[in-house]
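Biologist: Before we discuss details, could you put the model on the screen, so that we can go through it in turn?

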Amino acid sequence: MTRATTPRTGAIILAAGRSTRFRSARSKLVHPLAGRPIIGWLLGTLRELAIDPVVVVVAPDADEVRAICGTDVRFAVQRTPRGTGHAVLAAQASLRRYRGDLLLLYGDLPLLRAETLRRLVEAHRAGGGQLTLATGHVVDAHGWGRIVRGADGRVRRIVEQKDASAEERAIREVNVGLYCVRAPLLFDLLGRVRPNNAQREIYLTDIVALAAAAGMPIADVAVDLSEVAQINSRRELAAVEQQVRARIAAAWMDAGVTLQDPATAYIDPDVRIGRDTTVGPNVHLRGRTVVGERCRIDGSAFLTDATLADDVHLRFGVVLSEAEVGAGCEIGPFAHLRPRTRLAAGVHIGDFVETKNARLGPGSKANHLAYLGDAEIGRDVNIGAGTITCNYDGFSKQRTVIGDRVQVGSDSTLVAPVTLGDDAYVATATTVREDVPAGALVFNTRQQQHRSGWVAAFRARQQKRQKKTATRQKARGRGRTPRA
């Protein structure tokens, strides 16, 4: 983990907004973005920098935001929304004994890089360690707060769009909403801010003018505005998600992973992928999925919290959830490995095979159309097409145990609880209800019968019926019904 520039750097995250433009009953900060809640990205960046303490300012009904943030942050409640400065003041009680520096951040900054925050803190130290803000330049500054500088080039104040004069609105240098402030100074300045503005709110930006008027050194650092794009609508959420996905894809390609179509590689931030692995188009790697080296994922795969060892081949259209796949396994196409599936090395799972809570030993195969649930399967077992383990008795799940080198014929039904000993042989279309000894053949007696000449007689009856139907339809067309 990268350490922060100083151990005395904390943060306040403003997360009490109502997200009105998001058109949601939930805070926008809990909506998922590329595998994490929106606020989770910023929290992850702060954890990378070892920022502590972190205070998240929330609305009174923000239980979902609290649950997502975790237990390593503090919370403060802004009971009445009266501006950004008022929101920061809500955190004062949580930081009463803290005397270090504070980063002031909005919760919806998923693109903000750790390096940018590190530069902000370094500029703060170099500039006197009192108040530092981030700025940027834009072609169209509409909606941004403008940076107003004095004749000496130093920042004097920030003016919001609605309060700016025509001359001030022509300024193209803007405030991006990132600050680093000495904690005692921050709350002293905020205590002197008055709501003398069009919104009648306590603006956080007003601390800049107060500090400048008191002759305090104000440092500033330019940042890439693409990193501070906030998310105020679902359209903006989709646009930012594309950028986050592109970053993740680029990082994995730089690390030695081949993405055949990076635009359709959906890789969550906590996923891990080994070198020389190839990921095909429209592949979703979600949660804490781990993919080994030299694996091949053909395409349209959906993996959630799955673990793949080295040299695994996932064919088209597979779904894996909380499953572990051993080295050299081949899965699919169109296979579904559900939670607690464990495959040893060299296992083959074929098309339209479903497993759940099943363990398959080395070299075993289930190549076609099978359901293996609550099963313990040994090594070098062959499961025939259409085999089903009947694991549910209407009250609880029962287990099927299959020994080593067992051959299960096609269309067989194994009614759990049942055990098949090593080297047992299950004949085709057998229903197994009792344990099978090692090396035994198990089968159900079914007598095959023949009716000679049946096909010709059947066809003759069908032809006669069709001819009779056609005659009736023709007669109706002439307006009369034939005699019976």
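Biologist: What distance does helix H4 (residues 114-126) reach from its first C-alpha to its last?

Modeller: This is a predicted model, and in it H4 has 13 residues. At 1.5 Å a residue, a span of 18 Å is expected. The helix comes close to that expectation, reaching 18 Å.

Biologist: Which elements cover the buried residues of H4?

Modeller: The residues of H4 that are buried, that is, under 20% relative accessible area, are Ala114, Thr116, Leu117, Arg118, Leu120, Val121, Ala123 and His124. Their cover includes helix H1 (38-48) along with strands S1 (9-15), S6 (101-106), S7 (131-137), S10 (173-182) and S11 (218-222).

Biologist: What radius of gyration does the protein chain have, against that of a compact globule?

Modeller: The C-alpha atoms of the protein chain fill a box of roughly 110 × 75 × 45 Å, taken along the principal axes. Buried residues make up 45% of its 484 residues. For a compact globule of 484 residues the radius would be near 23 Å, whereas the protein chain has 34 Å.

Biologist: How much accessible area do Phe316, Phe334, Phe352 and Leu369 have together?

Modeller: One of these residues, Phe352, sits in the loop between strand S27 (348-351) and strand S28 (354-360). The four residues form a nonpolar patch on the surface, and their accessible area together is about 410 Å².

Note on methods. Residues numbered from 1 in each chain as written. Predicted model: local features only at pLDDT ≥ 70, side-chain atom pairs only at ≥ 80, totals over all residues. Heavy atoms only, no water. Patch = residues over 30% accessible without salt bridge, like charges linked within 9 Å, V, L, I, M, F, W, Y side chains within 5 Å. Areas by Shrake-Rupley, 256 points an atom, 1.4 Å probe, with all protein chains shown as cover. Salt bridge = Lys/Arg side-chain N within 4 Å of Asp/Glu carboxyl O. Helix = DSSP H or I, 4+ residues; strand = E, 2+ residues; numbered from the N terminus. Rg over C-alpha atoms; globule rule 2.2 N^0.38 Å. Buried < 20%, exposed > 50% of the residue type's maximum accessible area, 1.4 Å probe, protein only. Expected span 1.5 Å × (residues − 1). Contact = heavy atoms within 4.5 Å.
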